[in-house]
Amino acid sequence: MSAQLAQIFTQGMTLSGLQRLMLMLPLCLSIAVIYKTTRCQRMQEVPTAAAVLWGTIVIGMFAVGIGLWLLFQIAV
Amino acid sequence: MTSQNISPVIRLPLAGILAWLVPGLGHIFLGDRARGLTCLVTVTVTFWSGVAIGGVRSTVDPQQRKLWFMAQLCTGGNTLGAYALHQSLKAGNAKADAAKSIGHWSSADVGVHYTGVAGLLNLLVIFDAIARADAVPTRRSRRKRTEPAT
């Protein structure tokens with residue numbers, strides 16, 4: 001049991017391109033939660049504010065990614 | 001004994017050191033338990049998820065990734081634990097480690113980003129704990145505020 005648990009942290013995962021892209025979502029959620037935890041006066045406000053910020057970051061990053069991809073397609 | 005009884009000269013650096021050592025502990029020390037626990041869970045889960053994705057040998061590596069390691073160090077206890085694990089594995093089989101780190105370069109990069117971002121997020125938590133420690137009113141200042149002006 002402990003050997004299996006240790007193996008989780010010692011051997012890296014093999015990820016596909018889509019999996020790597022999807023791993024952006026929990027990282028953005030962590031950023032949104034910590035930022036809103038430090039900014040909000042009352043803790044009750046944090047879940048809604050973090051969800052809104054998470055959505056904004058994800059949509060914004062995908063928009064930038066699509067924009068750069070289109071620019072690359074046109075220019076190259 | 002609560003943090004309000006401690007002098008600000010000690011309370012400020014103590015809140016910062018505790019927040020560095022264990023993410024969120026600075027807030028818990030100041031009496032803000034819910035905020036502290038949220039920071040503790042979020043930063044710790046992000047950091048160890050990164051280690052699990054990339055593998056500890058190629059994720060927490062001060063020789064190969066100096067700047068990232070500096071960012072990771074902001075999580076204090078987590079990074080020290082991961083570095084100790086890295087060192088124990090390195091001593092065991094150095095050649096196999098090198099081969100694995102080349103084979104898993106893409107997931108290692110994801111892991112490094114996760115752990116580095118966790119460190120930088122904890123830096124934000126440390127500054128917030130220090131700012132809140134400064135804002136906590138001491139018993140004397142509260143007494144002054146409540147006393148009527150003569």
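What follows is a question-and-answer chat about a predicted model with chains A and B.

Me: Let's start with chain B. What makes up its secondary structure?
Reply: It has 9 helices and 0 strands. Read along the sequence, the pattern is α-α-α-α-α-α-α-α-α. Of the 150 residues of chain B, 43% count as buried. As for contacts in chain B with a separation of 6 or more, 71% come from residues 24 or more positions apart.

Me: Why is Ala19(B) called buried?
Reply: Buried means under 20% relative accessible area. Ala19(B) comes out at 0%, so it counts as buried. This residue sits in helix α1 (residues 8–21) of chain B.

Me: What is Ala19(B) in contact with, leaving aside its neighbours within four places in sequence?
Reply: Gly24(B), Gly26(B), Asn122(B), Ile126(B) and Ala129(B). There is also a spacing to quote for Ala19(B) and Cys39(B): they are 20 residues apart in sequence and 9.5 Å apart in space, C-alpha to C-alpha.

Me: And His27(B), why does that one count as buried?
Reply: Its relative accessibility is 0%, and the cut-off is under 20%, so His27(B) is buried. His27(B) belongs to helix α2 (residues 25–29) of chain B. Leaving aside neighbours within four places in sequence, His27(B) touches Asp32(B), Arg35(B), Gly36(B), Val125(B), Asp128(B), Ala129(B) and Arg132(B).

Me: Are Asp32(B) and Arg35(B) buried or partly exposed?
Reply: One of each. Asp32(B), at 22% relative accessibility, counts as partly exposed, because buried needs a value under 20% and exposed one over 50%. Arg35(B) has 3%, so it is buried.

Me: How do you know that Asp128(B) and Arg132(B) form a salt bridge?
Reply: Their closest N and O atoms are 2.7 Å apart, and the limit is 4 Å. The two residues are 4 apart in helix α8 (residues 105–135) of chain B, so about one helical turn separates them. Asp128(B) is buried, because its relative accessibility is 12%.

Me: Over to chain A. What makes Glu45(A) and Arg42(A) a salt bridge?
Reply: Their side chains meet at 3.5 Å, N to O, and that falls within 4 Å. Glu45(A) has a relative accessible area of 33%, so it is partly exposed. Over all chains, the structure holds 4 salt bridges.

Me: How do you know that Cys28(A) is in no disulfide?
Reply: A disulfide needs two cysteine sulfur atoms within 2.5 Å. For Cys28(A), the nearest cysteine sulfur is that of Cys40(A), 18 Å away. The count over all chains is 0 disulfides. Cys28(A) is at 5% relative accessibility, so it counts as buried.

Me: Now the interface. How many residues of chain A are in contact with chain B?
Reply: 23 residues of chain A, and they meet 29 residues of chain B. Between them the chains bury about 2300 Å², with 70% of that on carbon and sulfur atoms.

Me: Which polar and charged pairs turn up between chain A and chain B?
Reply: There are 10 residue pairs in polar contact, both at pLDDT 80 or more, and 0 salt bridges between the chains.

Me: What elements build the side of chain A that touches chain B?
Reply: Two or more residues each come from α1 (2–10) and α3 (24–39) of chain A. α3(A) gives the most, with 9 residues. By class, this side of chain A has 13 nonpolar, 8 polar and 2 charged residues.

Terms used: Residues are numbered from 1 along each chain as its sequence is written. Chains are lettered from A and ligands numbered from 1 in the order in which they are written. Side-chain values use heavy atoms; hydrogens and water are left out. Contact means heavy atoms within 4.5 Å. Buried area is the accessible area (1.4 Å probe) that two parts lose on being put together, summed over both. A polar contact is a pair of N or O atoms within 3.5 Å; within protein, one must be able to donate a hydrogen and the other to accept it, and residues adjacent in sequence count only if both atoms are side-chain atoms. Ala, Val, Leu, Ile, Met, Phe, Trp, Tyr, Cys and Pro count as nonpolar, Asp, Glu, Lys and Arg as charged, and the others, Gly among them, as polar. Buried means under 20% relative accessible area, exposed over 50%, partly exposed in between (1.4 Å probe, protein chains only).
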